[in-house]
Amino acid sequence: MTKVKRKLATILATDCVGFSKHMEADEESTLASLNACRTIIDSHINDHGGRIFYTAGDSVIAEFDSPVECVNAALKFQEALFARNREAEVQPALLWRVGVHVDDIIIEGDNVYGSGVNIAARLESHCEPGEILVSRVVREQVAKRVSFSIDSAGSRSLKNIAEDFEVFSVATSSSQAASKAPTAARPALEGSTSAADQTKPKLAILPFSNASRDDESGFLIDGIVEDLITEFSMMREFEILSRATVAEFKTGEDDALSFGQEFGVNFLVGGGIRSSGSRIRLNIELTDASNGNVVWSNKYDRVLDDIFEIQDEIVRTITIQLLGEIEITSLQRSKRKPTENFSSYELLLRGKEQHHVFSKQANALALEFFDKAIELDAGNAQAHAWKTCTLAQGMARGYIEGDLEPVQKAALDHLSKAHDLNENDFEVHRMLANVYLSNHNYAKAEEHGRKAFQLNPNDPRVLSDAGTILVRIGDAAEGLDMLQKALLLDPVPMGQSNSDNRYRDIVLGMYCAEDFQACVDHARQVKSHDPRSWLFLMYSLKALAEDPTSAPEFAAYRDEFAELDWPSTIERFHLPADERKQALADFAAGLFV
């Protein structure tokens with residue numbers, strides 16, 4: 001019997017997105033484009049020591065001795081393909097997906113077999129256009145040996161392999177910009193307000209009515225609605241109104257269709273919940289906001305412990321109703337289910353309810369609920385994350401008094417714990433982005449801001465935080481897209497009475513982009529200025545050859561801001577460029593002469 005030859009190898013699998021569709025449209029041009037792409041792919045594989053052992057149509061599978069060389073090859077050819085697609089004469093522009101895995105393989109002649117090949121191919125099939133997905137073993141061997149980031153992308157169900165296979169995404173220009181390529185086979189990836197985004201269904205999940213005899217169950221109903229909003233906001237295929245915006249809708253008083261028209265909503269999701277003991281009854285309807293027709297409705301009568309499965313079923317069913325049978329890669333419930341302990345989940349929801357009240361008493365009560373949730377289940381990552389957020393709220397709003405140093409340490413400890421428990425939680429990455437920004441570690445702030453956006457491209461807090469980071473570091477166009485979308489989806493943020501914070505962020509973006517006229521225009525939408533938006537307004541007027549001291553805003557805030565320590569104040573603007581900070585400080589000093 002011939003001895004089987006085995007070895008440990010890194011397998012790369014790649015194929016072209018929508019190849020069959022392109023062939024149907026124009027065979028000759030598609031084949032010419034495919035051959036040009038293959039020349040790029042093959043050369044980079046060869047340059048990095050890889051060996052192609054299988055090709056069929058648009059598919060390529062190769063093996064490498066080194067996982068570092070394999071991932072480098074994948075990144076290089078994806079970047080080269082992306083650059084090629086930007087050339088005007090390239091038709092059709094083809095996008096590729098890449099999966100990489102390290103495993104034991106069997107070699108028979110020129111062929112390679114084994115689970116390593118199968119897993120790499122399965123990973124490739126789960127990629128977004130232009131993306132590279134790798135397994136955990138690849139990430140562990142590569143992450144510290146390369147300069148680019150390899151971030152958690154949740155888990156995937158790999159057919160005949162694993163239901164919950166952890167995957168990681170390699171940051172590439174093509175994966176970030178694939179949505180802008182005309183041949184992308186899937187919906188847009190970016191969270192901008194471009195024309196392409198206008199084709200996405202826009203949803204509003206209205207507050208559910210409470211049919212329970214027990215008024216105390218209101219926290220559960222609000223929590224279920226908030227979870228549904230989060231579920232849909234994590235899907236790039238939709239746009240969804242924020243929790244704060246839909247909270248303005250009063251069930252039984254306001255007209256749903258008028259509300260939908262006011263906010264440009266295509267579909268409304270509404271319903272009612274009745275809880276009794278350990279059981280829950282939920283009625284839900286999906287309504288076309290243009291005419292009031294019910295698109296889909298259902299009733300659920302389950303035990304409370306099934307609430308996660310009910311939410312998942314609702315999201316999947318509505319998605320199929322609106323988009324058809326497409327793959328929604330963001331629905332990885334197993335990674336986001338906060339706890340198996342329902343009592344811990346209830347306490348988490350109670351804590352979030354109090355967090356949203358914005359008072360000293362509610363802040364303290366929220367912390368108590370989160371502590372109890374953690375006591376029941378120390379692995380409840382969301383409880384740790386929300387405790388961090390509530391401690392930050394308490395410090396920022398003055399609810400927590402005394403020595404804040406131990407409070408800050410506790411907040412960071414719980415944030416670190418939340419990240420250790422679930423590094424795929426967008427809330428954690430959003431908060432880490434803010435921590436690193438406050439410490440002026442702009443590279444890490446960008447990394448976590450982008451990761452939060454990748455995980456949840458519709459959450460207005462993510463859009464705001466990531467957007468303000470990107471405009472600071474020079475990605476003004478992308479950052480402003482996010483900030484404009486935050487204003488569109490959530491004009492009045494939770495805990496605020498107007499849109500000032502949204503406009504202040506856009507003012508920052510316009511100043512960083514040196515679009516001084518737009519900076520002035522947006523600054524004059526602000527009803528109450530803080531030092532940052534006011535100084536940017538004054539500076540922009542000067543840049544437009546106008547006298548800022550003649551502006552009504554100068555007279556309105558001169559006395560309030562004249563005694564500020566402007567260099568220290570400007571330092572808290574968190575601008576990376578020292579020359580920009582110095583120019584602002586010099587300008588501020590000259591204003592009050």
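This is a predicted model: local features need pLDDT of at least 70, side-chain atom pairs count only at pLDDT 80 or more; totals for chains, interfaces and linings use all residues.
**The nonpolar cores**

Let's begin with the largest nonpolar core, which has 53 residues. Ile-205, Phe-208 and Phe-232 touch the most other members of this core. Helix H7 gives the largest share, eight residues. A second, separate core has 36 residues, and Leu-483, Ile-506, Leu-508 and Val-526 are among them.

Now zoom in on Phe-208. Leaving out residues up to four places away in sequence, Phe-208 touches a list that includes Ile-221, Val-225 and Leu-228, along with Val-269, Ile-273, Leu-282 and Ile-284. The glycines Gly-270, Gly-271 and Gly-272 are touched by Phe-208 too.

**Two helices that cross**

Two packed helices are described by the angle between their axes and the distance between the axes. For H7 and H12, the axes come within 9 Å and cross at roughly 85°. An angle of 65 to 115 degrees counts as roughly perpendicular, so H7 and H12 are roughly perpendicular to each other. Here is who makes the contact:

| Helix | Residues in the contact |
|---|---|
| H7 (residues 218-233) | Gly-218, Phe-219, Leu-220, Asp-222, Gly-223, Glu-226, Asp-227 |
| H12 (residues 342-355) | Phe-342, Tyr-345, Glu-346, Leu-349, Arg-350, Lys-352, Glu-353 |

Sorted by type, the residues of this contact are five nonpolar, two polar and seven charged.

**A histidine in H15**

Finally, look for His-414 in helix H15, which spans residues 405-421. Is His-414 buried or exposed? His-414 counts as buried because its relative accessibility is 17%, and buried means under 20%. Apart from neighbours within four places in sequence, His-414 is in contact with Ile-374, His-384, Lys-387 and Thr-388.

Conventions: Residues are numbered from 1 along each chain as its sequence is written. Side-chain values use heavy atoms; hydrogens and water are left out. Helices (H or I, at least four residues) and strands (E, at least two) are DSSP runs, numbered from the N terminus. Buried means under 20% relative accessible area, exposed over 50%, partly exposed in between (1.4 Å probe, protein chains only). Contact means heavy atoms within 4.5 Å. Axes are lines fitted to C-alpha atoms, for helices over the stretch in contact, and angles run from 0 to 180 degrees between N-to-C directions. Angles under 35 degrees count as roughly parallel, over 145 as roughly antiparallel, 65 to 115 as roughly perpendicular and the rest as oblique. Ala, Val, Leu, Ile, Met, Phe, Trp, Tyr, Cys and Pro count as nonpolar, Asp, Glu, Lys and Arg as charged, and the others, Gly among them, as polar. A nonpolar core is a set of buried Ala, Val, Leu, Ile, Met, Phe, Trp, Tyr and Cys residues joined through side-chain atoms within 4.5 Å.
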